[in-house]
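Thanks for asking me to look through this one. Here are a few notes to read alongside the structure.

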Amino acid sequence: MSECVKEKAFEQFLERYNYSALIEKIDSLGLHAGSPHYFYCKACGTPTEVLLEEFIFSPHSLCSQCQGLEQKGWLDDAKNLIKK
């Protein structure tokens, strides 16, 4: 893959990260019994899944795009771009 693709992936990561800072996250622990559970990407914070209370399979910890960054070995570099 070209360096251009990597830079675009980093740019999109930062866009997702900045977007996730603007959205209200739902804390599933504070919801009533029987409510769905909301899950967010551990890298960029965007929503990944909404599952029923008694889900069987573990939710994804990364969104598809951050998973792609992880597969390419770029995720740590992308996270280092976040301005604290």
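This is a predicted model: local features need pLDDT of at least 70, side-chain atom pairs count only at pLDDT 80 or more; totals for chains, interfaces and linings use all residues.

1. Helix H1 spans residues 3-22 and helix H2 spans residues 64-72, and the two pack at an angle of about 140° with their axes 11 Å apart. An angle over 145° would count as roughly antiparallel, so H1 and H2 are oblique to each other. Their crossing is left-handed.

2. Which residues make the contact? On the H1 side they are Ala9, Phe10, Gln12, Phe13 and Arg16, and H2 brings Gln65, Cys66 and Leu69. By class, the contact of H1 with H2 has five nonpolar residues, two polar ones and one charged.

3. The structure holds three aromatic pairs.

4. Now to the strands. S1 (residues 37-40) and S2 (residues 47-51) pair in the antiparallel sense, over four bridges. If you want a place to start viewing, Phe39 has Glu49 in S2 as its bridge partner.

5. What phi does Gly45 take in the hairpin of S1 and S2? Gly45 has a positive phi near 90°, in a hairpin with six residues between the strands.

Key. Residues are numbered from 1 along each chain as its sequence is written. Side-chain values use heavy atoms; hydrogens and water are left out. Axes are lines fitted to C-alpha atoms, for helices over the stretch in contact, and angles run from 0 to 180 degrees between N-to-C directions. Angles under 35 degrees count as roughly parallel, over 145 as roughly antiparallel, 65 to 115 as roughly perpendicular and the rest as oblique. A crossing is left-handed if the near helix is turned anticlockwise from the far one by less than a right angle, and right-handed if clockwise. Contact means heavy atoms within 4.5 Å. Ala, Val, Leu, Ile, Met, Phe, Trp, Tyr, Cys and Pro count as nonpolar, Asp, Glu, Lys and Arg as charged, and the others, Gly among them, as polar. Two strands pair if DSSP finds at least two bridges between them. Rings of Phe, Tyr and Trp (its six-membered ring) pair if their centres lie within 6.5 Å; planes under 30 degrees apart count as stacked, over 60 as edge-to-face and the rest as tilted.
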